[in-house]
Amino acid sequence: MNRYVEDVIAYVKDKYKDQPEFVQTVEEVYTSIAPVIDAHPEFERADLLKRMVEPERMFRFRVVWTDDEGKTQTNVGYRCQFNGAIGPYKGGLRFRNNVNESVIKFLGFEQTFKNALTGQPIGGAKGGSDFDPAGKSDLEIMRFCQSFMTALYRYIGPDTDVPAGDIGVGSREIGFLYGQYRRLKGVFENGVLTGKGLSYGGSLIRPEATGYGAVYYLQEVLKHEGDNIVGKKIAVSGYGNVSWGIMKKAAQLGAKVTYMSGSAGYIHDPDGIGTEEKLQFILDLREKNSKDLKSYADKFGCEFYPKQKFWGVDDVDIYMPAATQNEVDLEDAKKIVASGVKYYLEVSNMPTSNEAMAYLKEHGVIVAPSKAVNAGGVGVSALEMSQNAEMMVWTAQEVDDLLKRMMKEIYEKSVDAADRYGLGYDLVSGANIAGFEKVAQAMMEQGVF
Ligand code: NDP
């Protein structure tokens, strides 16, 4: 591998050894882009790779709120404005008890390249808190969100940094966050957040966009294999916002999701999770953040497997991890290969360990990376920003058509980038290279800082 790439990976491993998720993603991206560094010695002279692993700005803050018993609670908030070379910082907020600096940095680093891939003018960011909305009342969540935004509002804005949702942050949380922003600033500046409700500037199709986009990307992959989606069975991890979008679009296109999972276990529903009643049930579970996946099995008469993962089941055609990071390790990858399932499309951010990813690729599984597959979500968020700036509301059809086109272009850019560097049909390296090239060019043109 290129010596400069090796040096920077070694530097990050040493300097950030207490940030394993961040190290993992840097190693994954930089290993992929080594051929680009070979071809561009000027990137080493400009020390581009070391500059790119340092966020332009990152801060943490105290978030204090009062629970329903009147007790004071303290959490930590984060915002990482990773890279603004191609546009205002843009990336979600995650509320979950396992959020820490390493998780926020890995997500911000990934977001930078993903946003570049969308073709939209948006830089990379991420934020969140170790606050977990599960089991909290609406009023507790409101008080937490108000306190969080009171700490953050000075540092964000429609042209500066535009947060959105992620794990634990849906339209309810975005509503509370925006209300507090408006109250503090005294202006109606709704382009500051995306994923908003339709009544105050949200975009049609945004709630579905990440899941729909993932299925549109899947269609491109299947087309390449001379295959199509009709009749396909899919195992999706998670039952949150993204998984719900996948289930809905899969059902519309004649496929079905037959497995889904959460941290408590998994469900097998051989009939598919595709009727309106089932989809509404999933949506309600997500909105309540109840973590009660078993209630689905009780209601719809199917099996719940507590504390187990479904990797290795062989009665599906496609695996789509869509819950969280590091869902699939080497042992899981071995089970997937043994199952004979041909397609593995990452949807959640970094669901696969680097060893597992290498194993899947080596054993002929067709693998697609999350930074491409899930990019439709942030892509439609950028469309929400455009609608807010223009004071326009686009129809669902218009947004959906743009999303479809965006996913096709992301797929094609990835195929083309891998091909240009002689890597063959490699969607993982191709996505990393295409995203990197755009950010690198902008940074080179803007001078040394
Ligand atoms: P949600 O909070 O709506 O859902 C998350 C789902 O993942 C839940 O079903 C949850 O189940 C499960 N989950 C969370 N943590 C764990 C864990 N440690 N182990 C097992 N299961 C877990 O989040 P989203 O659907 O919005 O996001 C899912 C993934 O997609 C994340 O990686 C996110 O970064 C990524 N993503 C999301 C986008 C969006 O538009 N929302 C855009 C791009 C990427 P339970 O609560 O029962 O544990």
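Which helices each supply at least two residues of the shell around the ligand? In this predicted model, they are helix H9, spanning 206-224, and helix H10, spanning 241-252. The close-ups below start at the ligand and then move on to the strands.

**View 1. The ligand lies between domain 2 and domain 3.** Let's begin with the surroundings as a whole. Domain 2 (55-189) gives residues to the shell around the ligand, and domain 3 (209-373) does too, so the ligand lies between them. In total, 22 residues surround the ligand. The closest are Asp166, Thr210, Tyr239, Ser263 and Arg286. Sorted by class, the shell has eleven polar residues, six charged ones and five nonpolar ones.

**View 2. Glycine 168, arginine 206 and tyrosine 239 each place an N or O atom by a ligand oxygen.** Here you can follow the contacts residue by residue. Glycine 168 takes part through its backbone, with an N or O atom 3.0 Å from an oxygen atom of the ligand. Arginine 206 uses its side chain, where an N or O atom is 2.9 Å from a ligand oxygen. For tyrosine 239, again through the side chain, the corresponding distance is 2.6 Å. On its own, the ligand has 890 Å² of accessible area, and the protein covers 88% of that.

**View 3. Strands S1 and S2 form a hairpin.** Take a look at strand S1 (residues 57-66) beside strand S2 (residues 72-83): the two pair in the antiparallel sense over ten bridges. Five residues separate the two strands, and in the turn glycine 70 has a positive phi of about 85°.

**View 4. Seven strands make an open sheet with mixed pairing.** Reading across, the order is S9-S8-S7-S6-S10-S11-S12. Strand S9 (303-306) and strand S12 (366-368) stand at the edges; each has a single partner strand, so one side of each is left without a neighbour in the sheet. From one strand to the next, the twist averages 15°. As a handy reminder, strands of a sheet pair through backbone hydrogen bonds, either parallel or antiparallel.

View 5. To get your bearings, find isoleucine 267, which stands opposite phenylalanine 304 in S9.

Conventions: Residues numbered from 1 in each chain as written. Predicted model: local features only at pLDDT ≥ 70, side-chain atom pairs only at ≥ 80, totals over all residues. Heavy atoms only, no water. Pairing = 2+ DSSP bridges. Helix = DSSP H or I, 4+ residues; strand = E, 2+ residues; numbered from the N terminus. Axes fitted to C-alpha atoms, helices over the stretch in contact; angles between N-to-C directions. Near = heavy atom within 4 Å. Polar contact = N/O pair within 3.5 Å; in protein donor to acceptor, adjacent residues only side chain to side chain. Areas by Shrake-Rupley, 256 points an atom, 1.4 Å probe, with all protein chains shown as cover. Nonpolar A, V, L, I, M, F, W, Y, C, P; charged D, E, K, R; others polar. Domains from an automatic or database assignment.
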